[in-house]
Amino acid sequence: MKSFINVEDLGDLKQALAEAQEIKQERYKYQHLGKNKTLMMIFFNNSLRTRLSTQKAAMNLGMNVIVLDVNAGAWKLETERGVIMNGDKSEHLLEAIPVMGCYCDIIGVRSFAGLKDRDYDYAETVLKQFIQYSGKPVFAMETATVHPLQAFADLITIEEYKTVQRPKVVLTWAPHCRALPQAVPNSFAQWMLAAPNVDLVITHPHGYELDPQFTRGARIEYDQKTAFEGADFIYAKNWSNPGVTNPADYGKITCEDMSWTVDTEHMSWTNNGKFMHCLPVRRNLIVTDDVIESPNSIVIPEAANREISCSVVLKRMLEAL
Ligand code: AN0
Ligand code: CP
């Protein structure tokens with residue numbers, strides 16, 4: 001595997017899920033694969049889970065790991081071509097990327113959407129520059145529009161916790177005090193629609209429609225209660241306005257309706273549904289204390305599966321070097 005961005009990059013999902021279970025049983029089975037190979041992780045944004053789980057997965061595979069927090073110690077990077085660089089940015093990404101590529105075998109990139117210019121974000125400008133100029137295989141650690149390591153971990157978790165052959169999985173918008181990207185819900189929708197046995201329903205306020213390239217074929221239900229009825233899994237996430245219905249709203253908070261917060265009443269509408277969230281989560285905005293602390297909350301095993309999803313991805317990338 002030369003890159004990991006969209007669900008298609010992984011090929012057959014049943015095979016990938018089987019590989020995930022194999023690695024979960026025996027995490028060090030492939031530790032010879034990464035000998036003398038270096039992973040470089042580049043963070044333009046904060047992280048807890050991605051940083052730790054990706055490093056752990058790489059160590060399980062015997063790799064060396066270098067982490068760079070671009071905003072903590074590196075030169076401030078210019079990302080636009082044609083700019084007269086007389087401001088605070090000392091280096092251009094177009095030199096920095098090939099230099100980074102000299103020191104490693106595989107690169108992971110975290111670079112969130114700026115949420116100001118929809119075309120720039122949805123063109124995945126930064127990620128594409130890494131692919132084009134680093135000369136190395138690149139994987140997304142949440143980029144402007146996708147978070148595939150999270151979605152793969154979510155799928156592994158749903159496979160492990162489902163009690164019916166074809167679970168009803170509900171992706172629900174929930175309120176938040178800051179504008180967040182659409183990467184997590186985009187990838188979650190893309191992966192659930194590609195999964196062999198998932199009945200996906202998406203619920204959100206009017207105007208929050210996700211980009212159809214990720215949701216085509218999904219059932220959209222604007223009434224949250226109707227969506228929740230009979231659900232086996234509730235996957236909560238805030239996202240800012242995707243600007244699909246009204247381009248001027250892109251990246252804005254256009255709904256603050258706290259009736260969307262997932263509380264015990266919401267969960268009572270489900271089929272004893274499990275609660276999921278990618279984390280970090282702001283309690284009592286997205287989900288109440290009661291729900292996230294309940295026995296039906298599987299947010300911790302979900303996070304634990306980030307090590308597993310990443311192990312499969314890095315194993316595949318090492319095999320292709
Ligand atoms: C990020 C987001 O919503 O995309 C990362 C989630 C994994 N969350 C925050 O910035 C709080
Ligand atoms: N879920 C997730 O990617 O978390 P971090 O932002 O902490 O990496």
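Visitor: Which residues are linked in a network of salt bridges?
Guide: Glu19, Lys315, Arg316 and Glu319 are linked in that network. A salt bridge here is a side-chain nitrogen of Lys or Arg within 4 Å of a carboxyl oxygen of Asp or Glu. The model is predicted, so local features need pLDDT of at least 70, side-chain atom pairs count only at pLDDT 80 or more, and totals for chains, interfaces and linings use all residues. Residues are numbered from 1 along each chain as its sequence is written, and side-chain values use heavy atoms, with hydrogens and water left out.

Visitor: Why do such side chains pair?
Guide: Side chains of opposite charge can pair when their charged atoms come close.

Visitor: How many salt bridges does the structure hold?
Guide: It holds 15. One of them joins Glu307 and Arg27, with the closest N and O atoms 3.1 Å apart.

Visitor: Where do Glu307 and Arg27 lie?
Guide: Glu307 is in helix α12 (residues 299-319), and Arg27 is in the loop between α1 (13-25) and β2 (38-43), so the pair ties together parts 280 residues apart in sequence. Helices (H or I, at least four residues) and strands (E, at least two) are DSSP runs, numbered from the N terminus.

Visitor: Is Glu307 buried or exposed?
Guide: Glu307 counts as buried, at 13% relative accessibility. Arg27 is partly exposed, at 28%. Buried means under 20% relative accessible area, exposed over 50%, and partly exposed in between, using a 1.4 Å probe and protein chains only.

Visitor: What about Lys225 and Glu229?
Guide: Their side chains meet in a salt bridge, 3.5 Å from N to O. Lys225 is partly exposed at 37%, and Glu229 is partly exposed at 40%.

Visitor: New topic. What volume does the largest pocket have?
Guide: About 730 Å³. Of its 28 lining residues, the closest to the centre are Asn46, Phe112, Leu180, Pro181 and Pro280.

Visitor: What counts as a pocket, though?
Guide: On a 1 Å grid over the protein atoms alone, it is an open set of points where a 1.4 Å probe fits, with protein on both sides within 12 Å along at least five of seven lines. Lining residues have an atom within 4 Å of a point. Grid points are joined across faces, edges and corners, and the volume is the space filled by probe spheres set on them.

Visitor: Which domains give residues to that lining?
Guide: Domain 1 (3-146 + 306-319) and domain 2 (149-303) each give at least three. The bounds come from an automatic or database domain assignment.

Conventions: Chains lettered and ligands numbered in written order.
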